[in-house]
Amino acid sequence: MTAALAPAPGPGAGTVQRTVRHLVVYTLLFVLVCIAASGAAALLGRLFGIGSEFVAGDVAGLAQGFAFFLIGGPLAAVLWWSVWRRLAEPAERSSLAWGLYVAAMYIVSMIISTTSLLATLSELIAGRTAGWGMTIGGALVWGTVWFGHRWMWRHAGKGPLRLAQVPTVAGTVYGLVIGAGGSVTALAALFDSAVDSLTGTTAVGKPWWVFALQALAWAVAGILLWQWHWIHEGGKRLRSRLADVALVVAGVLGASVLAVTGWGTLLFIILRLAFDRSEPVGDLLEPLGFAVAAAAVGTVVWLYHSSVATGRAEATREGARLVVCGVALAAAATGIGVVVNSLLALAGTTLAGTDPRTLLLGGISALVVGGPLWWRSWQPGKPGRAAAAPAEPAGRRVYLITVFGVSAVVALVTLLVIGYRVFELLLDGTTPGSLVDRIRAPFGLLAATGLVAGYHFSVWRHERPAVPSRAPGRSRPIGHIVLVAAGDPEPWRRAAEEVTGAPVTVWTRAGSQQLPVAGREGPGQEESEAVRLERALVDILAERVLVIAGPGNRLEVIALAD
């Protein structure tokens with residue numbers, strides 16, 4: 001009787017329970033694998049460190065290694081086997097927690113194993129073999145964990161269906177970062193050695209080639225990691241929001257910052273050699289190695305990823321262009337502020353030991369590097385640039401609003417600082433320093449940010465009427481398109497991006513099976529895909545839309561529920 005009166009569980013109770021179970025199980029599995037790997041790495045490192053006693057006076061560390069490995073290892077193996085057996089079920093394999101676990105464990109093990117291996121190589125290059133056992137032990141153990149989880153990730157029947165692109169994107173970005181960083185460091189050491197030879201400077205410490213070889217090892221490892229994930233694992237072919245964001249942020253934004261910094265520093269050195277010999281030549285040339293290396297590596301990485309971005313969706317191309325505009329604008333605005341600061345310093349009384357010429361040359365360097373780059377990227381002389389790409393105007397509007405907001409806030413803060421300095425001088429006349437010396441730094445920043453804020457606000461006001469917030473004729477824009485094509489999907493993908501500006505996900509049909517299509521019969525073949533698709537989407541009001549193209553002239557458009 002009691003059972004009959006008990007309320008029935010809701011329809012989503014099973015889903016909630018399964019989600020919680022997945023979260024608990026995979027979190028516990030992640031922790032156990034990390035514990036077991038840490039213990040195994042510690043024990044293996046002691047074995048490789050032969051030449052001293054196994055315990056070596058560290059009983060606590062040895063006991064911890066045994067506890068982690070002999071307790072955490074079997075528990076992790078049992079839990080993994082239980083999880084692995086259930087992954088044949090579609091609901092288990094499509095779990096978000098499974099994809100998150102594989103991606104997180106792949107990234108963690110990749111980073112730890114590669115850094116441990118590179119630390120071992122660095123020690124061997126330097127001629128130190130005392131502590132190489134612990135690092136090589138970590139490299140072997142965590143490398144095994146890494147390749148084991150790569151096998152799970154790529155397993156045909158049990159690999160994760162969700163977040164499957166995360167390891168590829170993360171490996172690509174990680175390889176790019178350490179490859180570029182190692183390349184810059186190695187080239188900088190080489191150029192610094194050449195400069196020291198020309199100036200007759202004697203370096204104190206270990207030979208320059210040791211540092212260069214250590215950096216070269218990191219550069220080679222990073223390039224190999226990047227090449228493996230970018231080419232072999234298909235990172236270059238990915239067409240997802242995550243892949244596009246990683247391309248823009250790491251490949252374009254990060255590389256452009258490195259290149260602009262390098263070129264600005266190089267120009268600053270040249271200007272100082274020509275107009276400011278207040279320091280010895282050796283001191284002036286000290287940052288030359290980094291400047292040349294950063295300019296060369298940053299430019300190569302930046303140009304390559306910019307060329308890749310040109311083949312992506314309109315939103316990605318616009319994003320790559322706008323981040324370069326932002327970097328160049330920051331450099332140019334900094335140059336303007338420093339130039340104003342130095343001009344005020346020349347007009348006022350400077351402190352002993354300071355030379356406004358150095359400050360002025362630094363501002364000119366930043367302005368000369370950032371100004372032309374901003375002009376070329378932003379192209380302010382082209383009217384109606386936003387109207388030329390109505391499919392995706394949001395990126396430009398967001399950029400304008402963001403730049404205006406940030407620069408306006410900075411201008412307001414500097415204005416308050418100037419006011420504080422003025423009132424401080426008026427209220428306390430005994431404070432040393434003139435008014436110009438007190439306000440020249442914040443005034444230069446105010447001048448630069450005021451110009452930036454005013455210009456971008458005027459552009460935003462000018463383009464606002466010409467850029468509708470929604471596509472004409474629609475009360476609701478299309479946010480995402482899922483495309484299934486019978487033949488080559490590329491023409492339909494380009495057409496969907498051109499018509500809607502929304503990101504497109506291409507689904508591939510299994511084998512040669514053709515899905516039945518009961519949609520509208522399309523017009524003749526003489527019309528382009530864009531024209532046919534635009535006609536079919538006229539009455540579609542949905543955030544997500546499924547487009548099935550083919551076989552033949554058939555075209556079906558299905559609005560998906562949110």
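In the hairpin of strand 4 and strand 5, G550 takes a positive phi near 95 degrees. The hairpin has 4 residues between its strands. Helices (H or I, at least four residues) and strands (E, at least two) are DSSP runs, numbered from the N terminus. The model is predicted: local features need pLDDT of at least 70, side-chain atom pairs count only at pLDDT 80 or more, and totals for chains, interfaces and linings use all residues. Residues are numbered from 1 along each chain as its sequence is written, and side-chain values use heavy atoms, with hydrogens and water left out.

Strand 4 (residues 544-549) pairs with strand 5 (residues 554-560) in the antiparallel sense, over 6 bridges. Two strands count as paired if DSSP finds at least two bridges between them. Within this pair, V545 stands opposite A559 of strand 5. Strand 1 and strand 4 run parallel and are joined by 6 bridges.

Strand 1 (residues 480-485) also runs parallel to strand 2 (residues 504-507), with 4 bridges between them. I481 stands opposite V504 of strand 2. Between these strands the chain passes through helix 16 (residues 490-500), and the β-α-β crossover is right-handed. A crossover has this hand if, with the strands pointing away from the viewer, the path from the first strand over the helix to the second runs clockwise.

Strand 1 is mostly covered, with 6 of its 6 residues buried. Buried means under 20% relative accessible area, exposed over 50%, and partly exposed in between (1.4 Å probe, protein chains only). In a regular strand the side chains alternate between the two faces of the sheet. Both faces of strand 1 are covered. H480, V482 and V484 are buried on one side, and I481, L483 and A485 on the other.

The chain as a whole has 17 helices and 5 strands. Of its 562 residues, 40% are buried. Contact means heavy atoms within 4.5 Å. Among contacts between residues at least 6 apart in sequence, 76% join residues at least 24 apart.

Helix 8 (residues 208-232) has 25 residues, which should span 36 Å at 1.5 Å a residue. The expected span is 1.5 Å times one less than the number of residues. The end C-alpha atoms of helix 8 are 35 Å apart, which agrees. Its buried residues are V210, A212, Q214, A215, A217, A219, G222, L225, W226, H229 and W230. These pack against helix 5 (96-125), helix 6 (132-153), helix 7 (166-199), helix 9 (241-275) and helix 11 (288-309). Just after helix 8, G234 takes a positive phi of about 85 degrees.

The structure holds 18 aromatic pairs. One of them, formed by Y106 and W146, is edge-to-face, at 6.2 Å centre to centre and 80 degrees between the planes. Rings of Phe, Tyr and Trp (its six-membered ring) pair if their centres lie within 6.5 Å; planes under 30 degrees apart count as stacked, over 60 as edge-to-face and the rest as tilted. Y106 in helix 5 and W146 in helix 6 are 40 residues apart, and the pair links distant parts of the chain. Y106 counts as buried because its relative accessibility is 0%. W146 also counts as buried, at 12%.

The rings of W226 and Y304 have their centres 6.0 Å apart and their planes at 75 degrees, so this pair is edge-to-face. W226 lies in helix 8 and Y304 in helix 11, so the pair ties together parts 78 residues apart in sequence. Y304 is partly exposed, with a relative accessible area of 27%. H305 is also placed in helix 11. H305 is buried, at 4% relative accessible area. Not counting residues up to four places away in sequence, H305 touches L176, W226, L247, G251 and V252.

Elsewhere, ring pairs link Y26, W80, W81, W84, W98, Y101 and W151 into a cluster. R154 lies over the face of W153, at 4.1 Å from the ring centre. A charge sits over a ring if NZ of Lys or CZ of Arg is within 6 Å of the ring centre and within 35 degrees of the ring normal.

Another arginine, R421, is found in helix 14 (residues 394-427). R421 is partly exposed, with a relative accessible area of 31%. Leaving aside neighbours within four places in sequence, R421 is in contact with R438 and I439. R421 and D437 are 16 residues apart in sequence and 10.0 Å apart in space, C-alpha to C-alpha.
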